[in-house]
Amino acid sequence: MRQSKFLFQTHREIPKDAEVISHQLMMRSGMLLKLSSGVYSYFPLLLRAIKKFESIVREELEKSGCQELLMPFVQPSDLWIESGRWGAYGKELLRFKDRKDNDFCLGPTHEEVVTDMVRKTIKSYKQLPINVFQVQTKFRDEIRPRFGLQRGREFIMKDGYSFHVDDTDCDREYWNMFETYKRIFTRIGLAFRPVEADSGAIGGSFTHEFHVLADSGEDAILSCSHCDYTSNLEKTECRPISSAPEAPVALKQCHFSTPGIVGLVDQAHHMVDTDHPQGVPLEKTTKLYLMKILDYSDKESIWGAVIGGAYELNLVKMKNALQAKSIEPLDLKLAESLTQCKSGFMGPVGLEKVKFIVDLKLKGQTGLTCGANKTDFHHFGFTPDRDIKNIHWGDIHNAEAGDRCARCEAGKYLSFRGIEVGQVFKLGLKYSLPMKCNFLDMSGKEKPMVMGCYGIGITRTVAAAIEQNHDEDGIIWPESIAPYHFHILNLDADNAETSAVIEDLEVFLRNEGIEFLIDDRSALSPGAKFKDADLLGLPYRITIGSKGLKDGLVEIRNRKTKDVLKIPIKELQSVIYDINKTFD
RNA sequence: CGGGGCAUGGCUCAGCCUGGUAGAGCGCUCGGUUCGGGACCGAGAGGUCGGAGGUUCGAAUCCUCUUGCCCCGACCA
């Protein structure tokens, strides 16, 4: 391809609404154009990278026994009503009506459609298991699209679904997909981690997310330094402490007074008595969050969450511990009227009508402080087991970097930021039961199929690849998905000699099936071409100029290592041939 | 949906406070000189200042309403 005919325009300036690196570089290199919030056009260069990644995904999935199909982007409401999601799915589902006033939506995912396809096709255990996938545009009307392709509303996704006769076989396939995903992300050449994640509302199932490690990632991940336990912070387990029981301390009500001091950290410093001349250490303080809980029968109740003063409350873990449907902070005014005090001095002691979940870290502890439910005062000697009537225990605080691993004896947690690019999920019977996706087993009995689903964000992964592979000059494409492998710069596009060399080279490259882009733009200074080449980030740059040709030399530069090789023009073709062989 | 901000040529922005001829840099076109890390000179094209209403002799500028977009918190590939 010749750049003079190529649809793109590089920019020196960073578009003002591009926040993260991948978005900035895609905009600056002219690969991406926003049409509406979270909706983008892909220019030829970006599309090539997307297609390369897609074909890696296809190859690996087909190797693992999956088959590709394609389902409609526009879906009728009937199926969604049948699965129960027409009502359950929030505003992310873009709904609209056709001319006959029938309800439709743009597919954010395809469980309903694929389940319908399979139930109409498969009747016998002999036809199972089956694993199908598609690479397709999805639309989710995200609350807040951002970061370019990292969180668009319209995006390309590979979604796959498997159907099985029983749990055992579904689990087998789950791990088959898990290994396939590892191969895919290894092959594309990204640093990634499979991460244990929260399975959300679908109880009893398990799930892994695949995260590409990048500072701009929206998820916090903790990984053990010793074993392979890696999890989303939302879910990371904390090691229960096993400290020796302490001698009980009597509850001294309203023992500490800290008038006018806001915030637990400052309050702790001012909780001074003869035993605590320096104040109470943060580890001996506790804090209370009053929360409104909705259970799965939509019954509302108020729960207090008690955790150590040094920790953060983890809403996902609390939600799971209580088997709640939703959980949100109690309105401040309600909380104040319930406790008869200001925020900052609320405590669990004496709140008879509230049920409490107390963090396991506090188990067996005594001599703690807690809010006195009287503005400006804290109790001392708080002992959860003794002082709270309606007590439940749970692991409800955020794990932190440096904490001991919950799974092994030796390790400590390290923290990362991750971009979620894939997920494997065991769906179980969530769709097959309501949608009656059944088969006849060996004894002729009708049974629901057990399902799994497996997603990879195609466009998001390409963004993540740039996020992880760039420098101050621009993109550094991993060879696996680089739009082209060689970028040939004709520094003197109007010079007959260099152009002749390039034309020869072009014939050779075409015959060998080697991918290349030629910068043949005339009246552009060499510096501008170098800058653009760095920005576009193709793996190898071949510079051909009249200066070099005088000595019979051309230059090959590796974008990543910046290593420069000056080689005689006669050897150019064989050198390119050898480099090309190193690619996949 | 709450909180904050922005909207002026393809891009980045100035002008607005204090109403009176719509500007700069980059990009684009033409001519010339350059040519190995974003060259220079000259001449051009391109904007109903997001939209609607109002105040005024006069509105990019002041007022009201609206739309779009971005950023910070609850969703997910």
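Student: Which order do the strands have in the open sheet of 5 strands?
Tutor: The order is S28-S27-S29-S30-S31, and the pairing is mixed. Keep in mind that this is a predicted model.

Student: And which strands stand at the edges?
Tutor: Strand S28 (516-519) and S31. Each has a single partner strand, so one side of each is left without a neighbour in the sheet. On average, neighbouring strands of this sheet are turned by 20 degrees against each other, direction ignored.

Student: What does "mixed" look like here? Take S27 and S29, parallel or antiparallel?
Tutor: Parallel. Strand S27 (residues 486-490) and strand S29 (residues 540-544) pair over 5 bridges. In that pair, Phe 486 stands opposite Tyr 540 in S29.

Student: And S30 with S31, parallel or antiparallel?
Tutor: Antiparallel, over 5 bridges, with S30 covering residues 553-558. Arg 557 stands opposite Val 564 in S31.

Student: What holds paired strands together in general?
Tutor: Strands of a sheet pair through backbone hydrogen bonds, in either the parallel or the antiparallel sense.

Student: How many residues sit between the strands in the hairpin of S30 and S31?
Tutor: There are 5. One residue to look at in this hairpin is Lys 562, which takes a positive phi near 65 degrees.

Student: Why does S31 lie largely in the open?
Tutor: Strand S31 (residues 564-568) has 5 residues and the number buried is 0, so it lies largely in the open.

Student: Which strands does helix H12 lie across?
Tutor: Helix H12 (residues 496-512) lies across S27, S28 and S29, and runs at about 160 degrees to S27. H13 packs on the sheet too, touching S27, S28 and S29, and its direction makes about 170 degrees with that of S27.

Student: Changing topic. There is RNA in here. Which residues come nearest to RNA strand B?
Tutor: Of the 51 residues around RNA strand B, the nearest are Gly 457, Pro 526, Gly 527, Gly 545 and Gly 548. Elements that give two or more residues to that surface include strand S8 (154-164), strand S21 (413-428), helix H13 (526-536) and helix H14 (546-550).

Student: Which element gives the most?
Tutor: H13, with 8 residues.

Student: How do the residues of that surface divide into nonpolar, polar and charged?
Tutor: For the surface near RNA strand B, the division is 14 nonpolar, 16 polar and 21 charged.

Student: I clicked on Ser 546. Where is its place?
Tutor: Ser 546 is in helix H14. It counts as partly exposed, with 13 C-beta neighbours inside 10 Å.

Student: What is Ser 546 in contact with, leaving aside its neighbours within four places in sequence?
Tutor: Asp 492, Asn 495, Glu 497 and Thr 498. For a pair at a distance, take Ser 546 and Val 57: they are 489 residues apart in sequence and 43 Å apart in space, C-alpha to C-alpha.

Student: Back up a bit. How many helices and strands does chain A come to?
Tutor: Chain A has 15 helices and 31 strands. Its C-alpha trace spans about 95 × 70 × 50 Å along the principal axes, and 41% of its 584 residues count as buried.

Student: What domains is chain A divided into?
Tutor: Domain 1 (3-237 + 415-466), domain 2 (252-394) and domain 3 (484-581). The C-alpha centres of domain 2 and domain 3 lie 67 Å apart.

Student: Which residues does a cis peptide bond join?
Tutor: Leu 128 and Pro 129, with omega at about 0 degrees. Pro 129 is found in the loop between helix H5 (111-121) and strand S7 (130-139).

Student: What about Asp 376: positive or negative phi?
Tutor: Positive, about 85 degrees, although Asp 376 is not a glycine. Its loop lies between strand S18 (368-371) and strand S19 (377-382). Asp 376 is partly exposed, with 17 other C-beta atoms within 10 Å.

Student: And Lys 436, buried or exposed?
Tutor: Exposed, with 12 C-beta neighbours inside 10 Å. Lys 436 has a positive phi of about 50 degrees, and its place is in the loop between S21 and strand S22 (438-440).

Terms used. Residues are numbered from 1 along each chain as its sequence is written. Chains are lettered from A and ligands numbered from 1 in the order in which they are written. This is a predicted model: local features need pLDDT of at least 70, side-chain atom pairs count only at pLDDT 80 or more; totals for chains, interfaces and linings use all residues. A residue is near a molecule or strand if its C-beta atom, placed from the backbone, lies within 6 Å of it. Helices (H or I, at least four residues) and strands (E, at least two) are DSSP runs, numbered from the N terminus. Ala, Val, Leu, Ile, Met, Phe, Trp, Tyr, Cys and Pro count as nonpolar, Asp, Glu, Lys and Arg as charged, and the others, Gly among them, as polar. A residue is buried if 20 or more other C-beta atoms lie within 10 Å of its own, exposed if 12 or fewer, and partly exposed in between; C-beta atoms are placed from the backbone. Two strands pair if DSSP finds at least two bridges between them. Axes are lines fitted to C-alpha atoms, for helices over the stretch in contact, and angles run from 0 to 180 degrees between N-to-C directions. Two residues are in contact if their C-beta atoms, placed from the backbone, lie within 7 Å. Domain bounds come from an automatic or database domain assignment.
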